[in-house]
There are 2 protein chains.
Amino acid sequence: MSLKHAILVLLETEPGSGYDLLKHFNNSLGYFWNAKHQQIYLQLKKLRDEGLITCDLEKQKGKPDKKIYSITREGEKELAEWLRTPVAPNSVNDALLVKIYGGRMCSPEELIEELDRHAAIHQKTLDKLTAIEQSYLSLKPESREKYRLPYLTLRRGILGENAWLEWAKEARREITKS
Amino acid sequence: MSLKHAILVLLETEPGSGYDLLKHFNNSLGYFWNAKHQQIYLQLKKLRDEGLITCDLEKQKGKPDKKIYSITREGEKELAEWLRTPVAPNSVNDALLVKIYGGRMCSPEELIEELDRHAAIHQKTLDKLTAIEQSYLSLKPESREKYRLPYLTLRRGILGENAWLEWAKEARREITKS
DNA sequence: CTACTATATGCAACTTTTTGCATATATAAT
DNA sequence: ATTATATATGCAAAAAGTTGCATATAGTAG
């Protein structure tokens with residue numbers, strides 16, 4: 001669906017190899033769009049076949065050649081069009097909640113253990129996001145301009161993770177009671 | 001993945017037809033596990049093939065026969081085992097955030113329009129969840145016991161949607177500034 | 001000296017999910 | 001009368017995503 005557009009968004013900012021993209025992705029869109037590296041490489045191939053991006057080889061010594069992808073006019077057009085089209089609301093798949101919903105069949109201790117495990121992961125994500133926010137906020141106001149919109153998505157991550165952790169505290173209290 | 005387990009969780013609570021399940025699902029697990037009706041019917045078939053659920057026909061006049069599914073011993077075993085196994089953290093796919101991230105290429109007005117559209121959807125979800133919460137809270141404390149764990153997942157929904165709407169206000173202010 | 005991590009890709013097989021169609025009846029609203 | 005909605009299922013094809021493997025080098029940590 002829109003992994004395709006996520007890639008176009010990133011390549012519109014700057015060209016790069018699949019690997020570059022992957023790293024960039026994992027520090028930005030990856031926080032709210034799931035994708036494995038295979039998926040990204042596959043999409044890059046497809047996007048190239050569709051002519052939405054181009055690919056130039058960059059020779060490197062020792063390492064395999066880098067394929068540097070850039071967005072094309074076609075790609076920009078496609079992206080602009082997508083931006084004008086309404087998208088579906090976020091879709092969530094949260095196995096932990098399925099577990100808790102049906103948690104009667106297992107011990108409170110086991111639920112708490114799993115909840116804590118997830119809380120640790122969410123805390124880690126929050127820490128990363130907060131660190132990114134700090135580096136954004138330490139930029140000079142002129143430099144911030146460029147990142148204004150990405151910053152909004154960062155905020156979404158931060159508010160979301162905070163809410164998650166708040167909920168986890170509440171849930172923990174409730175489960176412990178039993 | 002765990003649509004399978006989501007179905008087992010619901011059938012463990014009470015047997016029912018695919019359609020019953022679907023409605024139940026849409027008012028509970030559906031808030032944090034995405035699935036279309038086709039997927040549910042398909043999974044029911046698979047679960048039956050695996051012997052985790054059974055199916056009895058219930059004749060109806062006028063309408064097609066209902067297939068009433070129930071969980072089997074095998075199914076309960078499978079479910080209990082799954083509950084003891086750690087699950088992956090929630091995965092999110094949020095196209096709106098991809099859009100905002102790359103929103104430089106479209107007008108603030110268009111972004112705001114889309115943001116508001118999504119906000120309306122989230123508000124609607126929040127309203128539904130709040131209504132469910134109200135009916136839960138109006139139960140006698142003895143009757144609540146049964147729904148304690150599902151209620152926690154409801155709380156997750158409420159806190160999550162509130163956070164979403166808070167963020168949307170913030171984002172709206174920021175985008176409007178430009 | 002060895003193991004691990006990072007760089008840098010990608011195929012093949014499989015599972016999961018989505019999209020679009022298809023059917024048939026009952027009831028409530030316009 | 002007609003239309004829409006709810007009931008009640010499901011197939012088939014396509015798209016998307018996951019899992020597991022495979023390759024090859026360079027640098028760093030133990």
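Trainee: How many residues of chain A are in contact with chain B?
Mentor: Good place to start, and keep in mind that this is a predicted model. Chain B brings 63 residues to the contact. On the side of chain A, the number in contact is 63.

Trainee: What area is buried between chain A and chain B?
Mentor: Carbon and sulfur atoms give 66% of that buried area. The whole area buried between the two chains is about 6500 Å².

Trainee: Which helix gives the largest share of the side of chain A that touches chain B?
Mentor: Let's look at the polar contacts first: 24 residue pairs are found across the interface, both residues at pLDDT 80 or more. On the side of chain A, at least two residues each come from α1 (3-13), α4 (73-84), β3 (91-93), α5 (95-101), α6 (108-137) and α8 (148-177). The largest share, 15 residues, belongs to α8(A).

Trainee: How many residues on that side of chain A are nonpolar?
Mentor: The side of chain A that touches chain B has 16 polar and 14 charged residues. Its nonpolar residues come to 33.

Trainee: Which residue of chain A meets B:E12 in a salt bridge?
Mentor: Between chain A and chain B the count is six salt bridges. In one of them, N and O lie 2.8 Å apart, and the side chain that meets B:E12 is that of A:R104.

Trainee: What is the bridge partner of A:V92 in β3(B)?
Mentor: Here a strand of each chain takes part: β3(A) pairs with strand β3 (residues 91-93) of chain B. The pairing is antiparallel and runs over three bridges. Within β3(B), the partner of A:V92 is B:V92.

Trainee: What is the radius of gyration of chain A?
Mentor: Chain A has eight helices and three strands, in the order α-α-α-β-β-α-β-α-α-α-α along the sequence. Its C-alpha atoms fill a box of roughly 60 × 45 × 40 Å along the principal axes. For a compact globule of 178 residues the radius of gyration would be near 16 Å, but for chain A the value is 20 Å.

Trainee: Why does the pair A:E114 and A:K99 tie together parts that are apart in sequence?
Mentor: Over all chains, the structure holds 22 salt bridges. One of them joins A:E114 to A:K99, with the closest N and O atoms 2.8 Å apart. A:E114 lies in helix α6 of chain A and A:K99 in helix α5 of chain A, so the parts tied together are 15 residues apart in sequence.

Methods. Residues numbered from 1 in each chain as written. Chains lettered and ligands numbered in written order. Predicted model: local features only at pLDDT ≥ 70, side-chain atom pairs only at ≥ 80, totals over all residues. Heavy atoms only, no water. Contact = heavy atoms within 4.5 Å. Buried area = accessible area lost by both parts, 1.4 Å probe. Salt bridge = Lys/Arg side-chain N within 4 Å of Asp/Glu carboxyl O. Polar contact = N/O pair within 3.5 Å; in protein donor to acceptor, adjacent residues only side chain to side chain. Helix = DSSP H or I, 4+ residues; strand = E, 2+ residues; numbered from the N terminus. Nonpolar A, V, L, I, M, F, W, Y, C, P; charged D, E, K, R; others polar. Pairing = 2+ DSSP bridges. Rg over C-alpha atoms; globule rule 2.2 N^0.38 Å.
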